[in-house]
Amino acid sequence: MALSGGQNNRGELRIHESLDELRTDLADYVAELSEASVKERGVFAIALSGGSLIGLMGKLCEAPYNKTVDWSKWYIFWADERVVAKNHTDSNYKLAKDGLLSKVPIVPSHVHSINDSVSAEEAADDYEFVIRQLVKSRVVNVSEISDCPKFDLVLLGLGPDGHVASLFPSHPALNESEEWVTFITDSPRPPPERITFTLPVINSASNVAVVVTGESKAEPVHLAIDDVRPDFPLIPARLVQPTMGKLVWFLDKLAASKLEDSNLNN
Ligand SMILES: O=C1O[C@H](COP(=O)(O)O)[C@@H](O)[C@H](O)[C@H]1O
């Protein structure tokens, strides 16, 4: 149960007293969206990020979720990936495989990781091609407005610099409006080569959740959610604004500690 927060024009805020509460709420939320999507479309297309997110999703591997979720209907994608070998410690695929995917009965052919044996540019092109095929077969839904893929859920983390997926502050990739998946070779955080969903794809999703914990994220959370002055830095997380979909922020008390009172219920 969320401690406080509510609905504002930046989405629904769920602020949690403890990490354990956040983990349970996040597992409930993902399980509910999975059930609704399988009921409506027969499948659940979910895009993961890397970083702290995967550890916070850990309850999905435990009872009751490990038994109640229809894992056979899950199709897994990555909102961003580092262009490294799949067994490299920096790989978002490896992180998710070790922390989640190997612990639940996901169908291996439903796991859509990137091609790790080509350049970042080719990996982004390949990944977009794969998604296009799955949009054609409607494993991934399509947005009626943008023609972009409409993932049932995109899960994002938030970097201390305000980045989401691999969209970094002031980086030209933020302006990409044609491609679904783009690449960067100059990430300010290692490793330098990455691929990432573009903002139009993130913002076409049916549901987007941003999961943020810890004091080092309090400032970017404030800049992403509060009504800050226009001369304040425009961080990538502020540009996450689903056109038709629902945005939910999962925060712990530390990450929410700089939010203005107007965004808190108590
Ligand atoms: O580099 C990345 O960082 C972000 C944030 O990670 P966190 O550990 O600070 O939560 C992550 O969402 C992204 O997927 C990853 O590639």
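In this report, two residues are in contact when heavy atoms of each lie within 4.5 Å. The model is predicted, so local features need pLDDT of at least 70 and side-chain atom pairs count only at pLDDT 80 or more, whereas totals for chains, interfaces and linings use all residues. Residues are numbered from 1 along each chain as its sequence is written, and side-chain values use heavy atoms, with hydrogens and water left out.

**Buried positions and their contacts**

Ile 195 touches Asp 80, Glu 81, Val 83, Ile 114, Ala 120, Ala 123, Ala 124, Tyr 127, Ser 166, Val 181, Thr 182 and Phe 183, when residues up to four places away in sequence are not counted. Ile 195 has its place in strand 10, where strands (E, at least two residues) and helices (H or I, at least four) are DSSP runs numbered from the N terminus. From C-alpha to C-alpha, Ile 195 and Ser 166 are 6.9 Å apart in space, although 29 residues separate them in sequence.

| Residue | Relative accessible area |
|---|---|
| Ile 195 | 1% |
| Val 104 | 8% |
| His 112 | 15% |

Val 104 is found in the loop between helix 4 and helix 5, and beyond its neighbours within four places in sequence it is in contact with Leu 60, Cys 61 and Trp 71.

**Helix 4**

In helix 4 (residues 92-99), the residues Asn 92, Tyr 93 and Ala 96 are buried. Seen down the helix axis, the buried residues fall within an arc of 105 degrees, so they line one face of helix 4; the arc is that of the directions from the axis to the C-beta atoms. These buried residues pack against strand 3, helix 2 (53-56), strand 4 and strand 5 (80-82). At the N-terminal end, Ser 91 caps helix 4, with a side-chain oxygen 3.2 Å from the backbone nitrogen of Tyr 93.

**Aromatic pairs**

Rings of Phe, Tyr and Trp (its six-membered ring) pair if their centres lie within 6.5 Å, and planes under 30 degrees apart count as stacked, over 60 as edge-to-face and the rest as tilted. By this rule the count comes to six aromatic pairs. The rings of Phe 44 and Trp 74 have centres 5.1 Å apart and planes at 70 degrees, so this pair is edge-to-face. The pair links distant parts of the chain, with Phe 44 in strand 3 (residues 44-48) and Trp 74 in strand 4 (residues 74-78), 30 residues apart. Both Phe 44 and Trp 74 are buried. Phe 151 and Phe 197 form a stacked pair, at 5.1 Å centre to centre and 25 degrees between the planes. Because Phe 151 lies in the loop between strand 7 (149-150) and strand 8 (153-156) and Phe 197 in strand 10 (residues 194-197), this pair ties together parts that are 46 residues apart in sequence. Phe 151 and Phe 197 are buried. Ring pairs also link Phe 44, Trp 71 and Trp 74 into a cluster.

How values were computed. Buried means under 20% relative accessible area, exposed over 50%, partly exposed in between (1.4 Å probe, protein chains only). A polar contact is a pair of N or O atoms within 3.5 Å; within protein, one must be able to donate a hydrogen and the other to accept it, and residues adjacent in sequence count only if both atoms are side-chain atoms.
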